[in-house]
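Please look over the sequence and the three-dimensional model before reading on.

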Amino acid sequence: MEKRQGKLVVISGPAGVGKSTITRQAVARTGVALSVSATTRPPRPGEVDGQAYRFIDRPAFDALVAADGFLEYADVFGQCYGTPAAPVRQALEAGRTMILEIDVQGGLQVAAKMPDATFILIVPPSEAELERRLVGRGTETADQLARRLGKATRELAIARDSGVYKIEVVNDDLERAVEEVCRLVIG
C-alpha cells in the first residue's frame, strides 16, 4: 500500500487580520500540525522552547541557512526567524498535514521550494475595518498605526500580484472564516 504524502498549508495575512486566531482554531478543530518557527531572539516570559518558537543562537541559525535548512527565513531588526525544513518534510512524508503561519514574504520563499503547497491569504473585509481592528488594540501611536496600515496594504498587493496566493479568505465573520479554512486544510 502506497503511503499518502501529507499536505502543506501556508496561511498568511497582514497584522490585525486575525490569521493567528484563525490558524489556532483550525489546528484545534482539525488536529493538523502547526509548524514551530526558529528564532534567535530570547524567549519572552512564559514562552517555552519548542512551543511558541525553537530558540537557537545566531551561529546555529546561520549554519541552518548555509545548509539550506529553512523553508523560509528573515532577519527582522537584528533577530532572525525561520521555518526549519526538516520537521515539515518529516510530517509530510509521514502523511500529515502541516500548517505554516508566516508572512507573505516567507510564503513566497516557501512557494519557490514547495510550489504544490496550498497558499491561503487571510484578508480584512475592508481597509477601514483593518484600521478599526488595529486601533482597537490600543498598542500603537498614530505614526505606528499609519506604518502598519501601509505595510498591510503593500503586503496584500504583493500577495495578490505574486499569483502564489490563489485562495483568499475574508475575515468578516470569524466563525465562517475558521470553518472555511478548516475545509481548505482537510480538503
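The account that follows takes up the nonpolar cores, then a sheet, then the aromatic rings and the cysteines. The model is a predicted one.

The largest nonpolar core has 22 residues, and the members that touch the most others are Leu-8, Val-10, Met-98, Leu-100 and Val-110. At least two residues of this core are supplied by each of β1 (8-12), α3 (85-93), β7 (98-101), α4 (104-113), β8 (118-123) and α6 (142-162). Helix α3 gives the largest share, which amounts to four residues. Leu-8 may be taken as an example: apart from neighbours within four places in sequence, Leu-8 is in contact with Val-88, Leu-92, Met-98, Leu-100, Val-110, Met-114, Ala-117 and Thr-118. There is also a second core, separate and made up of 15 residues, with Val-9, Val-32, Val-169 and Val-181 among them.

Next comes a sheet. Four strands, in the order β4-β3-β6-β5, make up an open sheet with mixed pairing. The edges are held by β4 (54-55) and β5 (70-76); each has a single partner strand, so one side of each lacks a neighbour in the sheet. Within the sheet, strand β3 (residues 38-39) runs antiparallel to strand β6 (residues 79-84), and two bridges join them. Ala-38 has Gly-82 in β6 as its bridge partner. Helix α3 packs on this sheet, where it touches β4, β5 and β6, and its direction makes about 20° with that of β6.

Six aromatic pairs are present in the structure. In one of them, the ring centres of Phe-119 and Tyr-165 are 5.7 Å apart and the planes stand at 75°; an angle over 60 degrees counts as edge-to-face, so this pair falls in that class. Because Phe-119 belongs to strand β8 and Tyr-165 to the loop between α6 and β9 (167-170), the pair ties together parts 46 residues apart in sequence. Both partners are buried: Phe-119 has a relative accessibility of 4%, and Tyr-165 has a relative accessible area of 6%. Elsewhere, one aromatic cluster is formed by Tyr-53, Phe-55 and Tyr-81.

The cysteines remain. How many disulfides does the model contain? The count is zero, with a disulfide taken as a pair of cysteine sulfur atoms within 2.5 Å. Cys-80 is buried, at 4% relative accessibility, and Cys-182 is buried with a relative accessible area of 9%.

Conventions: Residues numbered from 1 in each chain as written. Predicted model: local features only at pLDDT ≥ 70, side-chain atom pairs only at ≥ 80, totals over all residues. Heavy atoms only, no water. Core = buried A, V, L, I, M, F, W, Y, C linked by side-chain atoms within 4.5 Å. Buried < 20%, exposed > 50% of the residue type's maximum accessible area, 1.4 Å probe, protein only. Contact = heavy atoms within 4.5 Å. Pairing = 2+ DSSP bridges. Axes fitted to C-alpha atoms, helices over the stretch in contact; angles between N-to-C directions. Phe/Tyr/Trp six-rings, centres within 6.5 Å; stacked < 30°, edge-to-face > 60°.
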